[in-house]
Amino acid sequence: MGVEEQRAGKFYVERDVLDELCLDQVARRRTHSTTPPLKERVKDSLRCSMPKLKRSVLSTLPVLSWLPRYSVRDNGLGDLISGISVGIMHLPQGMAYALLASVPPVFGLYTSFYPVLVYCILGTSRHISIGTFAVISIMIGSVTERLAPDSDFTFLNGTNGTAVLDVTARDAYRVQIAASTTVLSGLFQVLLGMVRFGFVVTYLSEPLVRGYTTGAATHVVISQLKYIFGIHPARFSGPLSQVYILIDICRHLPETNIGTLVVSLVALVVLIVVKELNSCYEKKLPLPIPIELIVIVAATLISYYGNLDSQYDVAVVGEIPRGLKSPSLPDVSLWGTVVGDAFAVAIVGYAINISLGKTFGLKHGYKVDSNQELVALGLSNTVGGFFQCYSVTSSMSRSLIQESTGGKTQVAGVVSSVIVLITVLQLGTLFGELPKAVLSCIVFVNLKGMFKQYLDIPALWKSNTVDLLVWLVTLVCTILLNLDLGLAASIAFSLLTVIFRTQLPRYSILGQVPGTELYLDTDTYEEAKEIPGITIFRSSTTVYYTNAELYMDALQKKSGIDVGKLLTRKKKRDAKQKRKDKKEEKRAKKQNGVNGHLPNSTVNPEDKVDVEKGSPDLKENRTDITLTDRPINGQVNWAYEQQWTGLDLGSETGSHGDDAITQMSSTVGEEKRGRSSDTHTIILDLSTASFVDTVTVIMLNNIFRDYREIDIDIYLAGCQVCVVEQLSRASFFSESIPKSRLFTTVHDAVLHSLQVQGASDVPIYECALDMACTTKM
């Protein structure tokens with residue numbers, strides 16, 4: 001084997017046909033693994049050294065890797081401007097999203113402070129803004145409203161008998177529920193990060209995440225309609241709750257508070273117009289207009305001086321306490337009730353965070369560690385839960401502002417936290433007269449990006465209908481089954497689509513492109529021609545226990561060889577032949593009376609063993625066996641018989657009439673696929689297989705055994721090294737199935753088959769693409 005000649009744009013290669021045994025010798029297969037044994041890896045992981053300790057500390061506390069080298073001259077101004085801009089966004093979004101979580105607005109400000117500081121120390125992304133987010137807030141709100149409904153805190157007034165709602169007690173319990181759920185979800189994230197389980201997010205495909213966030217946005221809209229119209233619909237929980245809530249809202253529309261509706265419409269118009277101006281003049285404006293903060297300040301002043309609360313019954317935020325809350329332990333007794341919700345919050349929050357973090361990481365050329373992000377987000381939630389915060393994740397709108405205004409590190413997050421801290425300590429009490437409808441309008445406007453995800457439908461319709469189906473099913477399940485059950489159902493459906501795709505792969509018969517070593521699907525390529533007598537079969541996916549039986553069925557269907565029928569027919573003929581031999585033997589004994597003196601047309605009993613074993617000479621000369629095809633290596637090809645079973649090839653005594661032969665010859669040209677009816681070899685192309693399981697090994701053994709019975713050779717081709725190793729460990733190779741049945745390429749297997757069948761010529765091909773190559777096998 002070697003290179004005969006090499007010059008510019010052309011090379012010539014001549015080598016022997018390589019099966020697996022020859023390949024091991026030529027390529028010098030390693031006899032030992034280059035991977036250290038488990039014992040050595042464990043010792044190495046437990047061994048301590050200064051470089052290893054330094055790497056561990058820097059990976060656990062990423063702030064130590066960039067803060068000592070922080071350049072105030074290069075990054076200081078950009079981080080300062082970015083931090084102020086994001087901090088201004090934190091104020092209205094924190095209070096607005098607190099309504100989604102069904103907790104007082106001030107707890108949204110707490111949530112925009114503590115977790116942000118923790119992430120600045122532990123996070124690996126430099127551009128994302130951690131804090132409140134609509135989807136996570138509504139997930140927490142579904143838990144708090146389910147466990148602390150208004151009905152549990154309503155009592156009758158002893159004076160006039162009217163129902164009175166204890167808002168203070170209700171809000172206090174809801175804050176406790178939100179904090180407990182947040183701590184538990186944070187612990188889930190920390191544990192998953194410590195066991196290097198960051199890959200779990202790979203089970204949440206992009207269509208699933210986008211469909212889920214779109215469905216969650218629908219939940220957000222429905223939950224805020226009561227603040228927009230100033231009505232008080234009933235609360236529903238469980239599947240179809242959003243439908244019932246929407247119906248109840250429509251029933252209460254005649255009770256709409258006109259003052260609240262006017263405030264909502266004015267705020268919506270102003271927010272939408274200025275937001276669109278920010279988008280249109282994004283490149284010309286040094287900073288986006290902080291319209292949300294401007295609207296909050298203006299609405300507060302108008303509400304305060306116009307007495308909207310007392311005169312027009314417009315619901316306002318109410319008293320906002322000054323200062324920070326002292327830490328407190330979560331209510332552990334609630335964990336058993338909220339464990340499912342906490343896990344869903346942990347997974348969804350991490351999926352949103354890591355997808356946004358990796359987007360910015362790829363854009364700016366730095367690595368975002370998925371496992372460290374789990375730990376950072378988990379500790380942000382855990383620490384925040386002790387300070388009565390609810391779950392956080394990254395926000396796309398704030399992250400885009402942080403990046404576009406010049407932020408380069410998480411120092412911008414520290415600056416934004418300072419802005420929030422100043423507001424909580426000094427300015428928070430000034431927003432007590434802020435109408436809740438304005439906060440709902442801010443939520444509505446910030447959902448624009450999520451509702452634009454409906455444009456995924458036409459895009460996915462053109463590119464991938466299965467992904468479109470996942471997107472739509474996720475959306476419907478999220479809306480109808482609520483956020484927790486909807487997520488579980490969506491993940492299950494997404495995994496089922498993967499299983500179905502592996503169970504329903506594309507099976508192909510390959511043909512050779514004339515003049516090349518390429519073997520392509522004959523249904524796709526017109527020039528791909530099947531080699532007479534050789535069937536090359538390939539599946540488009542890995543064969544394993546769920547599709548092994550389908551693989552065998554497709555092999556029989558594509559090759560046109562029904563092994564079961566052929567084996568049954570062969571057994572019947574063998575049994576019939578044995579009975580006939582016994583009758584002939586008895587008749588011969590009766591006529592001659594002496595053993596060993598038999599007519600020429602009968603079989604000597606001493607030679608009977610050789611006949612039953614299939615002696616080539618006897619099989620070719622016996623007149624009492626019906627042959628329906630030409631001998632192959634001195635044996636009957638039963639596959640050939642099946643393909644011509646409809647022809648009358650003579651009587652049971654095996655005589656071949658001229659008419660039958662003429663009929664056979666005329667029918668050859670009518671084969672549907674143009675294959676030779678005399679199939680002597682089947683090559684299984686396993687190049688698409690990435691692993692084999694026990695069921696696959698058993699199936700391959702059965703294929704070799706069954707086709708051997710009907711005198712068809714089976715070869716494997718294109719197996720990856722890992723597949724060969726798995727086959728060896730499963731004791732697949734034996735005397736009946738040696739490694740010489742496994743070939744490096746399909747072309748190697750074809751050449752070997754032609755040589756075995758005594759082909760006089762061997763295909764020599766030339767190909768001319770970017771370079772010309774002539775290969776001689």
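Visitor: In which loop is Ser731 found?
Guide: The model is a predicted one, in which local features need pLDDT of at least 70 and side-chain atom pairs count only at pLDDT 80 or more, while totals for chains, interfaces and linings use all residues. Residues are numbered from 1 along each chain as its sequence is written, and side-chain values use heavy atoms, with hydrogens and water left out. Helices (H or I, at least four residues) and strands (E, at least two) are DSSP runs numbered from the N terminus, and Ser731 has its place in the loop between α30 (721-729) and β12.

Visitor: Is Ser731 buried or exposed?
Guide: Buried means under 20% relative accessible area, exposed over 50%, and partly exposed in between, with a 1.4 Å probe and protein chains only. Ser731 has a relative accessibility of 59%, and therefore it counts as exposed.

Visitor: What is the phi of Arg28?
Guide: Most residues other than glycine have a negative phi. Arg28 sits in the loop between α1 (20-26) and α2 (38-46), and at 72% relative accessibility it counts as exposed. Although Arg28 is not a glycine, its phi is positive, at about 55°.

Visitor: Which residue in β9 is the bridge partner of Leu510?
Guide: Strand β7 (residues 507-512) and strand β9 (residues 534-539) are joined by four bridges and pair in the antiparallel sense. In β9, the partner of Leu510 is Ile536.

Visitor: Which residue in β11 does Leu684 stand opposite?
Guide: β10 and β11 run parallel and are joined by five bridges. Five of the five residues of β11 are buried, so this strand is largely enclosed by the rest of the structure. Asp713, Tyr715 and Ala717 point one way from β11, and Ile714 and Leu716 point the other way. The residue in β11 that stands opposite Leu684 is Leu716.

Visitor: At roughly what angle do the axes of α10 and α19 cross?
Guide: Axes are lines fitted to C-alpha atoms, for helices over the stretch in contact, and angles run from 0 to 180 degrees between N-to-C directions. The axes of helix α10 (residues 206-229) and helix α19 (residues 436-446) come within 9 Å of each other, and they cross at roughly 155°.

Visitor: How is the direction of α10 relative to α19 described?
Guide: Angles over 145 degrees count as roughly antiparallel, those under 35 as roughly parallel, 65 to 115 as roughly perpendicular and the rest as oblique. The crossing angle of roughly 155° therefore makes α10, relative to α19, roughly antiparallel.

Visitor: Which residues does Leu187 touch, not counting those up to four places away in sequence?
Guide: Leu187 belongs to helix α9 (residues 167-194), and with a relative accessible area of 32% it is partly exposed. Leu187 and Asn381 are 194 residues apart in sequence, and their C-alpha atoms are 8.2 Å apart in space. Contact means heavy atoms within 4.5 Å, and the residues that Leu187 touches, beyond those up to four places away, are Trp335 and Thr382.

Terms used. Two strands pair if DSSP finds at least two bridges between them.
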